[in-house]
Amino acid sequence: QVQLVESGGGLVQPGGSLRLSCAASGSIFSINRMGWYRQAPGKPRELVATITAGGLTNYADSVKGRFTISRDNAQNTVYLQMSSLKPEDTAVYYCNALVYTDTYLSRDYWGQGTQVTVSL
């Protein structure tokens, strides 16, 4: 069993910054892709950013230049540094990881979500 635990959400004013963290634990052989998704009320879940084990990153156009994804492979942890936050960034942010539990067996895992609210 694998668990993803997120932290770092909260309330921030427009223009502010937040840093999200997500730590994976459990029966982990290796982790390929890690990433962040978000879901605003009444909207589908959308990709925010992903990062491979080798450090290749991908961002949604809406967050390019404002958000930075990074990871610590030794700690099985992924981070999302969010700057210049806008009210439209308000959503529940979910951590995702493609985890190998042995050499050939992998599946996607999700965290429980952390609320980010950008408001005056």
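Analyst: In this predicted model, four strands form an open sheet in the order S1-S3-S8-S7, and their pairing is antiparallel. In general, strands of a sheet pair through backbone hydrogen bonds, and the pairing can be parallel or antiparallel. Strand S1 (2–7) and strand S7 (67–72) are the edge strands, each with pairing on one side only. From one strand to the next, the twist averages 15°.

Within this sheet, strand S3 (residues 18–26) pairs with strand S8 (residues 77–82) in the antiparallel sense, over six bridges. Ser21 stands opposite Tyr79 in S8. The ring of Tyr79 also has a charged side chain over its face: Arg19 lies there, at 4.1 Å from the ring centre.

A pair of aromatic rings is described by the distance of the centres and the angle of the planes. The structure holds one aromatic pair. Its members are Tyr37 and Trp110, with ring centres 5.1 Å apart and planes at 65°. Planes over 60 degrees apart count as edge-to-face, so this pair is edge-to-face. Tyr37 lies in strand S4 (residues 30–39) and Trp110 in strand S10 (residues 106–110), so the pair ties together parts that are 73 residues apart in sequence.

The two residues can also be described by their accessible area. Tyr37 has a relative accessible area of 17%, so Tyr37 is buried. Trp110, with a relative accessible area of 37%, is partly exposed.

Terms used: Residues are numbered from 1 along each chain as its sequence is written. This is a predicted model: local features need pLDDT of at least 70, side-chain atom pairs count only at pLDDT 80 or more; totals for chains, interfaces and linings use all residues. Side-chain values use heavy atoms; hydrogens and water are left out. Two strands pair if DSSP finds at least two bridges between them. Helices (H or I, at least four residues) and strands (E, at least two) are DSSP runs, numbered from the N terminus. Axes are lines fitted to C-alpha atoms, for helices over the stretch in contact, and angles run from 0 to 180 degrees between N-to-C directions. Rings of Phe, Tyr and Trp (its six-membered ring) pair if their centres lie within 6.5 Å; planes under 30 degrees apart count as stacked, over 60 as edge-to-face and the rest as tilted. Buried means under 20% relative accessible area, exposed over 50%, partly exposed in between (1.4 Å probe, protein chains only). A charge sits over a ring if NZ of Lys or CZ of Arg is within 6 Å of the ring centre and within 35 degrees of the ring normal.
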